[in-house]
Amino acid sequence: MQEEYAALATGAAALGLQFTPEQQAAFRAYHDLLLEWNARFNLIGPGTVASLWTRHFLDALTLVCGLSQAERKYPVACLDVGSGAGIPGLPLQIAFPHWSVTLLEATGKKVRFLETVVQSLGLEQCGITLGRAEDLGHDRRLREAYDLCVARAVCRTPALLEVTMPFVAPGGAAIFYKSAAALPLEMEEAETARAILGASAPTILTIPLPEYANRVLLRYDKVSPTPAHLPRAAGIPERHSLRAADPDMFPEHAPER
């Protein structure tokens, strides 16, 4: 494990991150718990287990390339939408212990795993919320309550914007982990959605590691409030990108809350 951890530490150092002995121990404990639970619940794909330190942990930490100096240095309220096995949220909480990371996950068994990790590692700043982003985006306690929203999901950018922007406070940002190859088309598809949802034009951020030549971060800053009736009901954002002419754009179609 020492050699595997060294790959994470080397990559993190290239990103400007150094870990204390306590942080190193937390990464190792998280790694062990993830392998233990994955044998029973298949939390991550079997093809990526062998490269867990780099394919998942280091990949999560590449987010630093999309952060301002203030976001790195000062407390940030961060929401990880669709957290799954806790990636990227848990590596970010370990790397930035002064942050408050909330892990949003809709699957009960994954939430139980996240609770186990948070308790075992003593991550007092880390919270866990069970539910779907499309529903919780209308919760007044969560809506526009976060400085930063992150997503490492496989859905396309228009859908990611719709399920993340309602959580972001004006002046905050959403950052997505993306493949460079598909990005131009996705950004074009997302242009109407980002304007409707109150997001700025996107910033593309490259990652200064050779193995991430085909990966980028896509950052959207929140410049105006998201319309109150968005996001739409679960499943709709992935099937139908927002268009200004959609009937769903009118507040009278907003769900009862």
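Helices (H or I, at least four residues) and strands (E, at least two) are DSSP runs, numbered from the N terminus. This is a predicted model, in which local features need pLDDT of at least 70 and side-chain atom pairs count only at pLDDT 80 or more, while totals for chains, interfaces and linings use all residues. Residues are numbered from 1 along each chain as its sequence is written, and side-chain values use heavy atoms, leaving out hydrogens and water.

Let's start with the sheet. It is open and has seven strands in the order β3-β2-β1-β4-β5-β7-β6, with mixed pairing; two strands pair if DSSP finds at least two bridges between them. At the edges lie β3 (127-130) and β6 (203-206), each pairing on one side only. Further in, β4 (residues 146-151) and β5 (residues 168-179) run parallel and are joined by five bridges. Ala 151, for instance, has Phe 176 in β5 as its bridge partner.

Now for the helices. Helix α6 (residues 108-121) packs on the sheet and touches β2 (100-105) and β3, where contact means heavy atoms within 4.5 Å. The direction of α6 makes about 170 degrees with that of β3; axes are lines fitted to C-alpha atoms, for helices over the stretch in contact, and angles run from 0 to 180 degrees between N-to-C directions. Helix α9 (residues 183-197) also packs on the sheet, touching β5, β6 and β7 (215-221), and its direction makes about 10 degrees with that of β7.

Finally, look at Ser 200, in the loop between α9 and β6. Leaving aside neighbours within four places in sequence, Ser 200 is in contact with Arg 194, Tyr 220, Asp 221 and Val 223. Ser 200 has a relative accessible area of 14%, so it counts as buried (under 20%; exposed is over 50%, partly exposed in between, with a 1.4 Å probe and protein chains only).
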